[in-house]
Amino acid sequence: MKKLTVKQIADAVGGTYNKDAEISEICIDSRLCKPGCLYVAIKGENFDGHTFTASALANGASAAMINHDVDAEGVFIRVEDTHKALMRLAHWFRNTFDIPVVGLTGSVGKTTTKEMTWCVLNEKFNALKTEGNLNNNIGLPRTLMRLDEDTEAAVIEMGMSSRGEISELSLIAEPTAAIISNIGVSHMENLGSRENILKAKLEILDGLRENCPILLNGDDPYLAGAVIENHPVFYYGIDDKNCDYRAVNIEQNDDKTEFDIVYGDETQHAVIPTIGRHNVYNALAAFGTGMQLGVTPEEAVRGLAKYTPSGMRQRMKTVNGIRFIEDCYNASPDSQRAALKMLSELKAERKIAVLGDMLELGTISEESHRNAGLLAAKAKVDVFMTYGERSLAAAEKARECGVPEVYAFTDKKALADKLFETLKQGDAVLFKASRGMALEDVINDLYGRMNK
């Protein structure tokens, strides 16, 4: 973070202060505070950060931002609302930098697209990116506050669960380029329809600076027909031949995918170290964004080749001759369809799908889980295992559709027991579930047994 003074921060957020000090980091966790930190005491639904202000200062924080008196002595910035002040500070701070800022959102693939876009931009710029899941109205400001004198570009992921949230984030970040990856059914429970999800995602335009580009998936029927004003629109895709950036000659080999990117009268060969058609879309978004921001085609594909899956997103691992795909960070009907298609394209003796419940689907939950069983059959999986009450419907549908072996579990140990008993060398196994199902518990249990 570029160093600031307490006075600068107080002036930026309309607060008052008692003493000046130098700040080089923003922190909301008192346990992580150290000299140079500004501790922001945020009040949540189940906690009040003010309770830990004394601890933050004792741990070395140089100052604290508060909205009411606390039983501690030190340097303080007083504001009406610490959360709103953090957002206001991040917006002010972002505008002290004249750099490319990419804002991106979408129903599926946000984080992979963010990582690939960062890889592309980092070939030309010293780029900052959103880390982990810091894509909400607390995480995004903290990411922007990491900008420093050496930062030349930033890639900012924007998440949401309801209307208005993307608008708020976009207005804070003021992106100079935007990406919307797709319009799926995630958050259907809150938004009710894909048309409403589209409206929510298009809120990214609220903060996108005028005449700056937005990149949309041209194969997505909702995005292809979206009305965009005051911004140049660039489409990427596979099927629509009119896309500005299009992938052709796609070939999947083991753990990588090769394809040619056609743009204008030019063609650039690309290789990404992951598989699946959905990842080709993510790569196209990253390539096109890089091109719009001055990255050369050669730099862009060199960056794409350096991509590595993050966290529990489509991480591939081979243990005892069995290939595992760990994709337990999140799940929706769209991402589940993509994951099963990816499994179907793998070369393996047997293909095993382990699917857990998809959460936050509201009224379409039953239909979506039954459809998962149908998709498993279409993917020609040999063994289908489910975990969770909602996924019982998926198992039932898979049986109806003739999947050779189907097992349904509501107990993780029982699932792990059956998997351990079933697995053979040459198998390929997909794990996919919503984050709240913690399906990685089964994976870790399994690995522990296999490594004994």
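**Entry 1: a loop asparagine**

I began with Asn 211, which I found in the loop between α8 (194-201) and β12 (214-217). I kept in mind that I was reading a predicted model. Next I looked up the backbone angle: Asn 211 has a positive phi of about 70°, although it is not a glycine. I had just read that most residues other than glycine have a negative phi. Is Asn 211 buried or exposed? It is exposed, and its relative accessible area is 55%.

**Entry 2: another asparagine, in a strand**

I then went to Asn 249, which sits in strand β14 (residues 245-253). Its phi is near 55°, again a positive value in a residue other than glycine. Asn 249 is exposed too, with a relative accessible area of 54%.

**Entry 3: a threonine inside**

Thr 289 has 0% relative accessibility, so it counts as buried. Which residues does Thr 289 touch, if I skip those up to four places away in sequence? I noted Val 102, Thr 117, Ala 177, Ile 179 and Leu 215.

**Entry 4: the cores**

I looked up the largest nonpolar core and found that it holds 57 residues. Ile 26, Leu 38 and Ile 214 touch the most other members. Helix α3 (residues 82-94) gives the largest share of this core, six residues. A separate core has 36 residues, and Phe 234, Tyr 245, Val 280 and Leu 293 are among them.

I stayed with Leu 38 for a moment and left aside its neighbours within four places in sequence. Its contacts include Ile 9, Ile 23, Ile 26, Ala 63 and Ile 77. Glu 25 and Cys 27 are also in contact with Leu 38.

**Entry 5: a sheet of five strands**

In what order do the strands of the open five-stranded sheet come? I wrote down β2-β7-β6-β5-β4, with mixed pairing. The edges are β2 (16-17) and β4 (25-27), and each of these pairs on one side only. Strand β7 (residues 76-78) is joined to β2 by two bridges, and the two strands run antiparallel.

**Entry 6: a helix with two sides**

My last stop was helix α13 (residues 365-378), which has 14 residues. From first C-alpha to last, α13 reaches 20 Å, close to the 20 Å expected at 1.5 Å a residue. I listed the buried residues of α13: Ser 365, Ser 368, His 369, Ala 372, Gly 373, Leu 375 and Ala 376. Why do I say they line one face of the helix? Seen down the axis of α13, the buried residues fall within an arc of 160°, so they line one face.

What do the buried residues of α13 pack against? I found α12 (333-344), β19 (350-356), β20 (383-387) and α14 (392-400). On the other side of α13, Glu 366, Glu 367 and Lys 378 are exposed. After α13 comes Lys 380, and its phi is positive, near 60°.

Technical notes
Residues are numbered from 1 along each chain as its sequence is written. This is a predicted model: local features need pLDDT of at least 70, side-chain atom pairs count only at pLDDT 80 or more; totals for chains, interfaces and linings use all residues. Side-chain values use heavy atoms; hydrogens and water are left out. A nonpolar core is a set of buried Ala, Val, Leu, Ile, Met, Phe, Trp, Tyr and Cys residues joined through side-chain atoms within 4.5 Å. Buried means under 20% relative accessible area, exposed over 50%, partly exposed in between (1.4 Å probe, protein chains only). Helices (H or I, at least four residues) and strands (E, at least two) are DSSP runs, numbered from the N terminus. Contact means heavy atoms within 4.5 Å. The expected span of a helix is 1.5 Å times one less than its number of residues. The arc is that of the directions from the helix axis to the C-beta atoms. Two strands pair if DSSP finds at least two bridges between them.
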